[in-house]
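This report goes through strands, cores, a pocket and a few single residues of one protein model. Please keep the sequence and the coordinates at hand while reading.

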Amino acid sequence: MSRIGKKPITLPKGVKYTVQSNIVVVEGPKGKVNALIPEGITLSEKDGILTVERPDDAHAAVHGLARALVFNAVEGVTNGWKKELDVVGIGYRVELKGKDMVVFTLGYSHPIEFPLPTGIEVAIDPKQTHVTVSGIDRQKVGQVAADMRSLRKPDPYKNKGVRYSDEKLKKKVGKTGAK
């Protein structure tokens, strides 16, 4: 039995779910999220606790996946998801232009305009070096944060670039350092 798949999901107050063929629609105080569940996987609720069940061992490979997707949707509509990024480097900064455009200045000859998809909010600190990406869809939040990081990945020699706040970097020694 899948260890993750057999964990129950507690449904907080105000969270409802509906199953339409292989799509689960989870509604909560923050909004509505769709989660895809593989065929054969069923959801059952008892006393506010949701369990993900599989008919046989042929569906064992997707049992934990289905539970994780539904849990992420439930967590997203109650608390939301967020990723934090740091912009490190002299002259590197981030600005919010309008409501759905983030402008990065990352040492290139031009500023980079990054349009935000719907459902994603960005908060920038006053120093313009810390970005918080938040939303209710975990996959979308992670993808937007990864796209922002890929604009200027952290350099292993100077430790400059856009990185996740919890990311640990290993600084490499340059040519002259090996003596």
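Which residue does T10 stand opposite in β6? T10 stands opposite I49. The model is a predicted one, in which local features need pLDDT of at least 70 and side-chain atom pairs count only at pLDDT 80 or more, while totals for chains, interfaces and linings use all residues. Residues are numbered from 1 along each chain as its sequence is written, and side-chain values use heavy atoms, with hydrogens and water left out.

**Strands and hairpins**

Helices (H or I, at least four residues) and strands (E, at least two) are DSSP runs numbered from the N terminus. Two strands count as paired if DSSP finds at least two bridges between them.

An open sheet of 3 strands is ordered β1-β6-β5, with antiparallel pairing. Its edge strands are β1 (9-10) and β5, each of which pairs on one side only. The table lists the strand pairs described here.

| Strand pair | Sense | Bridges | Residues facing each other |
|---|---|---|---|
| β1 and β6 | antiparallel | 2 bridges | T10 and I49 |
| β5 (42-46) and β6 (49-53) | antiparallel | 5 bridges | L43 and V52 |
| β3 (23-28) and β4 | antiparallel | 6 bridges | V26 and V33 |

β5 and β6 form a hairpin with 2 residues between them, and D47 in the turn has a positive phi of about 55°. A hairpin also joins β3 to β4, through 2 residues.

**Nonpolar cores**

In soluble globular proteins, nonpolar side chains tend to be buried together. A nonpolar core is here a set of buried Ala, Val, Leu, Ile, Met, Phe, Trp, Tyr and Cys residues joined through side-chain atoms within 4.5 Å. Buried means under 20% relative accessible area, exposed means over 50%, and partly exposed is in between (1.4 Å probe, protein chains only).

The largest nonpolar core has 22 residues, of which F104, V133 and M148 touch the most other members. At least two residues of this core come from each of β7 (81-88), β9, β10 (112-115), β11 (120-124), β12 (130-135), α2 and β13 (161-164). With 4 residues, α2 gives the most to this core. A second, separate core has 19 residues, including V24, A35, L50 and V74.

Contact means heavy atoms within 4.5 Å. Leaving aside neighbours within four places in sequence, V133 is in contact with W81, K82, K83, L85, I120, E121, V122, V141, V144 and M148.

A145 lies in helix α2. A145 is buried, with a relative accessible area of 0%. Not counting residues up to four places away in sequence, A145 touches K83, L85 and Y164. A145 and E84 are 61 residues apart in sequence, with their C-alpha atoms 7.9 Å apart in space.

**The largest pocket**

Rolling a probe the size of a water molecule over the atoms shows where empty space is left. On a 1 Å grid over the protein atoms alone, a cavity is a set of points where a 1.4 Å probe fits but cannot get out, whereas a pocket is an open set with protein on both sides within 12 Å along at least five of seven lines; lining residues have an atom within 4 Å of a point. Grid points are joined across faces, edges and corners, and a volume is the space filled by probe spheres set on the points.

The largest pocket holds about 150 Å³ of space. Its lining consists of V33, N34, A35, L36, L69, N72, A73, I136, D137, R138 and Q139. β4 (31-36), α1 (60-78) and α2 (138-149) each supply at least two residues of this lining, and the largest share, 4 residues, comes from β4.

For the make-up of the lining, Ala, Val, Leu, Ile, Met, Phe, Trp, Tyr, Cys and Pro count as nonpolar, Asp, Glu, Lys and Arg as charged, and the others, Gly among them, as polar. On that basis the lining divides into 6 nonpolar, 3 polar and 2 charged residues.

**Loop residues**

Most residues other than glycine have a negative phi. Q128, which is not a glycine, has a positive phi of about 65°. Q128 is placed in the loop between β11 and β12 and is partly exposed, with a relative accessible area of 26%. N159, in the loop between α2 and β13, also has a positive phi, near 60°.

D100 lies in the loop between β8 (93-96) and β9 (101-105). Not counting residues up to four places away in sequence, D100 touches F114, P115 and L116. D100 and T118 are 18 residues apart in sequence and 8.3 Å apart in space, C-alpha to C-alpha.
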